[in-house]
Amino acid sequence: MRYSALKIIKEGLTGNRGWRPTWREPEPRTHYDVIIVGGGGHGLATAHYLASEHGITNVAVLEKGWIGSGNVGRNTTIVRSNYLLPGNEPFYELSMKLWENLEQELNYNAMMSQRGIVNLYHSDAQRDAYARRGNAMHLAGADAVLLDEAGIRELCPFLDHDNARFPIKGGLLQPRAGTARHDAVAWGYARGADSRGVDIIQNCEVTGFVMNNGVCTGVDSTRGRISAGKVAVCVAGSSGRVMEMAGMRLPIESHVLQAFVTEGLKPVVPGVVTFGAGHFYISQSDKGGLVFGGDIDGYNSYAQRGNLPTVEDVCEEGMAIMPMMGRARMLRMWGGIMDMSMDGSPFIDRTPVPGLYFNGGWCYGGFKATPASGWCYAHLIATGQPHETAAAYRLDRFMSGAVIDERGAGAQPNLH
């Protein structure tokens, strides 16, 4: 079934009795060519591209909860490719290009809105650093515009430009960046994968891996044992616990990242704005709420809730550049479990266990990476070789010193 304006009109005139479920609710089979552990954005995107690009349709996606219950529905919806390092920028620019055609490909409204993102700078040194990043983006085929003080005043007149502590001197703008509807992305990929024969199995938690002579040949789950030719894990903040069942210890820590949304307001924030003297980012949803966040909670946790010191820190940074938001009432807040890697960059790689693959360590970058992550993970699973834009995302890069430290914070996940 394809969605269209004519279909909406027809269903409106006939009592909406012709709509079908977005995806099936199948019982798990005993064997699949590929089992994907984790039904978030990355797992569903991987399943979709395995089917659509590589013709592998005997695939099961196992999700311990319901589709959209994890980080794919617990983020601030930002889509961008404004990275610096050669190991990152081409990958995120691939993701940006996939985002731009996603709704047409999936025939699903993901509410992709390319309203731009601007990173504010507050000093001459920071301006020079942003100029370097913008040049790196141009080299990778991305778009970047360095705005001076007059340019940022015209784009964002509502900011506190003359703040005594953090005067706003300009910003790095990526016009093609923006936001998308997080849960709609999950539903769209689920629908795309299901329509090509992939089984999406909800409420099916993996409890162990089946090993035969050192080879992973399936999983044990709350719905029984399921065998597979290949098992691919992408479970975000649960990566450490899941991979421990395969005898692996990952260079990853789990932390909580909080996000916030205010009551609905009139349109004021044109795109996404980030604070250059700290870690704060804000946009405005289509319903009018200000959606914002900041740093992770500094301690390790598996709880989908945060703490008040982080709330205070995030709100202080927001008030530093946008004092008017202090009059808005908070509507809700939530927490997602981040899989923070030791250098702040992700992994898409085969593991030392034959038949077992891993995708994780996305830190703050998981949502924006969803299309490219699925594309590259599917390529790795189908061909056995890493995709060229994800070749640096190896599990063993710390052994060789080939770290991808985008933020320059060293080997401390809580600082990335």
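This briefing sets out selected features of the structure, grouped by topic. The model is a predicted one. Its second largest pocket has a volume of about 480 Å³, and 24 residues line that pocket. The structure also holds 16 aromatic pairs, and one of them joins tyrosine 3 to tyrosine 108.

**The second largest pocket**

- Among the 24 lining residues of the second largest pocket, Arg181, His182, Ser285, Lys287 and Arg332 lie nearest the centre.
- Two or more lining residues are given by each of the strands β12 (252–264), β14 (280–284), β15 (289–300) and β16 (330–341).
- Strand β12 supplies the largest share of this lining, with 4 residues.
- Sorted by class, the lining comprises 11 polar, 7 charged and 6 nonpolar residues.

**Aromatic rings and charges over them**

- Tyrosine 3 and tyrosine 108 form a tilted pair, with 6.0 Å from centre to centre and 55° between the planes.
- This pair links distant parts of the chain, 105 residues apart. Tyrosine 3 belongs to the segment before α1 (5–13), and tyrosine 108 to the loop between α4 (102–106) and β4 (117–121).
- Tyrosine 3 has a relative accessible area of 25% and is therefore classed as partly exposed. Tyrosine 108, by contrast, is classed as buried because its relative accessible area is 16%, under the 20% limit for that class.
- Tyrosine 3 also has a charged neighbour: arginine 191 lies over the face of its ring, at 4.1 Å from the ring centre.
- A further contact of this kind involves lysine 7, whose charged end sits over the ring of tryptophan 19 at 5.6 Å from the centre of that ring.
- Elsewhere, one aromatic cluster is formed by Tyr83, Phe91, Tyr92, Trp362 and Tyr393.

**Buried polar residues and their contacts**

- Histidine 255 is placed in strand β12, the strand that gives the second largest pocket the largest share of its lining.
- Histidine 255 counts as buried because its relative accessibility is 0%. Its side chain makes a polar contact of 3.1 Å with the side chain of asparagine 300.
- Asparagine 119 is found in strand β4, and its relative accessibility of 6% places it in the buried class.
- The side chain of asparagine 119 takes part in a polar contact of 2.6 Å with the side chain of threonine 274, and in another of 3.5 Å with the side chain of arginine 133.

- Threonine 77 is not a glycine, yet it has a positive phi of about 65°. The residue is located in the loop between β2 (59–62) and β3 (78–79).
- With a relative accessible area of 15%, threonine 77 is buried.
- Asparagine 203, likewise a residue other than glycine, has a positive phi near 55°. This asparagine lies in the loop between β8 (199–201) and β9 (206–212).
- Asparagine 203 counts as exposed, since its relative accessibility is 54% and the exposed class covers values over 50%.

**Distances between residues far apart in sequence**

- Leucine 44 is part of helix α2 (residues 41–54) and counts as buried, at 0% relative accessibility.
- The C-alpha atoms of leucine 44 and glycine 192 are separated by 8.8 Å, while the two residues are 148 residues apart along the chain.
- Serine 113 lies in the loop between α4 and β4, the loop that also contains tyrosine 108.
- Serine 113 falls in the buried class because its relative accessibility is 18%.
- A distance of 29 Å separates the C-alpha atoms of serine 113 and alanine 391, which are 278 residues apart along the chain.

Terms used:
Residues are numbered from 1 along each chain as its sequence is written. This is a predicted model: local features need pLDDT of at least 70, side-chain atom pairs count only at pLDDT 80 or more; totals for chains, interfaces and linings use all residues. Side-chain values use heavy atoms; hydrogens and water are left out. On a 1 Å grid over the protein atoms alone, a cavity is a set of points where a 1.4 Å probe fits but cannot get out, and a pocket is an open set with protein on both sides within 12 Å along at least five of seven lines; lining residues have an atom within 4 Å of a point. Grid points are joined across faces, edges and corners, and a volume is the space filled by probe spheres set on the points. Ala, Val, Leu, Ile, Met, Phe, Trp, Tyr, Cys and Pro count as nonpolar, Asp, Glu, Lys and Arg as charged, and the others, Gly among them, as polar. Rings of Phe, Tyr and Trp (its six-membered ring) pair if their centres lie within 6.5 Å; planes under 30 degrees apart count as stacked, over 60 as edge-to-face and the rest as tilted. Buried means under 20% relative accessible area, exposed over 50%, partly exposed in between (1.4 Å probe, protein chains only). A charge sits over a ring if NZ of Lys or CZ of Arg is within 6 Å of the ring centre and within 35 degrees of the ring normal. A polar contact is a pair of N or O atoms within 3.5 Å; within protein, one must be able to donate a hydrogen and the other to accept it, and residues adjacent in sequence count only if both atoms are side-chain atoms.
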